[in-house]
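Subject: Structure handover, aromatic rings

Hello,

Here is the structure for you to open. My notes on its aromatic rings follow below.

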Amino acid sequence: MDTLTLIQPDDWHVHLRDGDALKRTVPDMAKQFHRAVCMPNLVPPVTSVEQAHAYRERIMAHVPEGIDFDPRMVLYFTDSTSIDDIKAIKDSPYVSAIKLYPAGATTNSHHGVSNIEKIYPIIEEIEKQQIPLLVHGEVTHQHVDIFDREKYFLDEVLSPILNRFSDLKLILEHITTEDAAKFVVSQGKNVAATITPQHLLFNRNDMLVGGIRPHFFCLPILKRQTHQHALLKVATSGSPKFFLGTDSAPHSRSKKENACGCAGCYSAPYAIELYAQAFDQVNALDKLEGFASLFGADFYGLPRNTKTITLKRQSQQIAEQFDYLDNDPIIPLHAGQQLDWTIQS
């Protein structure tokens, strides 16, 4: 297969940031994807529908002329989120979900939920309204190894939530382990998961062997090869429970290459080609359209896209860097390496 035409894909998990960062992130995202679910962990976070609508306007100001791009907005779940906030989501034409970050789990998550049981009345309303609850699935206990935090979250936090709220529409974001893949498969059709390109293409050896490579550092962190293979298996299975979410997250080079621990891989400029590379490696290109273009829209209850994109089996080299903020460049995922696929149209 030398060409592959897909219904235009959507990205169901992306970080665009705000302010001047949008000059870089929005065009990179809009050139491939029609819709993007925009994470709300700004400073300060997006906690109301009014703030979400204002953020969307700031994003739309940077969409290149002639491109049809539809940012889907998300509220940041805090200890102060109210039932009225949830009802307002249901009434909004642009807000599609609410995001649960355990406090301290990842970038700008210190406003996140500190005690899950205290927000059960709000989760009950989310279940009633059938609004997708997006979950960063890691515990933050200091005694839990960073490579085990997803599994602990499944056992200690997520299982009790789903046992109590059996109709909750839930997406376990950017899963990284065989445990998470099996967990999602075992649940009803109301539970799904997104998977990033880095967790399909790479494992912790790529980040650690021969020296630490900070541009592979993300949260949840890359795991061992057996988990990578398990994710490839479910992503290419044709199951509608798994769909595309890049978790593309921009950080300038100086912030990634120091001890700040900035977590995130910037995959937006080459995202669909990276996924094509992963699916091609396991001879599953026929399953890419469902994963990238159909299953996410179906789960969110949004119409499938009608336009298409075409990929050509044509080698291209990923750029070493891109202009970003204050003459401090951004290093894309897998910088300087070859991809076998290129967007043709």
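Over the ring of which residue does the charged end of Arg-56 sit? That ring belongs to Tyr-94, and the charged end is 3.9 Å from its centre. A charge sits over a ring if NZ of Lys or CZ of Arg is within 6 Å of the ring centre and within 35 degrees of the ring normal. Lys-31 has its charged end over the ring of Tyr-270, 6.0 Å from the centre.

The model is predicted, so local features need pLDDT of at least 70 and side-chain atom pairs pLDDT 80 or more, while totals for chains, interfaces and linings use all residues. Residues are numbered from 1 along each chain as its sequence is written, and side-chain values use heavy atoms, without hydrogens and water.

The whole structure holds eight aromatic pairs. Rings of Phe, Tyr and Trp (its six-membered ring) pair if their centres lie within 6.5 Å; planes under 30 degrees apart count as stacked, over 60 as edge-to-face and the rest as tilted. The pair of Tyr-76 and Tyr-101 is tilted because the planes are at 35°, with the centres 5.2 Å apart. Tyr-76 lies in strand E4, and Tyr-101 is 25 residues away in the loop between strand E5 and helix H4. Helices (H or I, at least four residues) and strands (E, at least two) are DSSP runs, numbered from the N terminus. Tyr-76 is buried at 0% relative accessibility, and Tyr-101 is buried at 1%. Buried means under 20% relative accessible area, exposed over 50%, partly exposed in between (1.4 Å probe, protein chains only).

Regards
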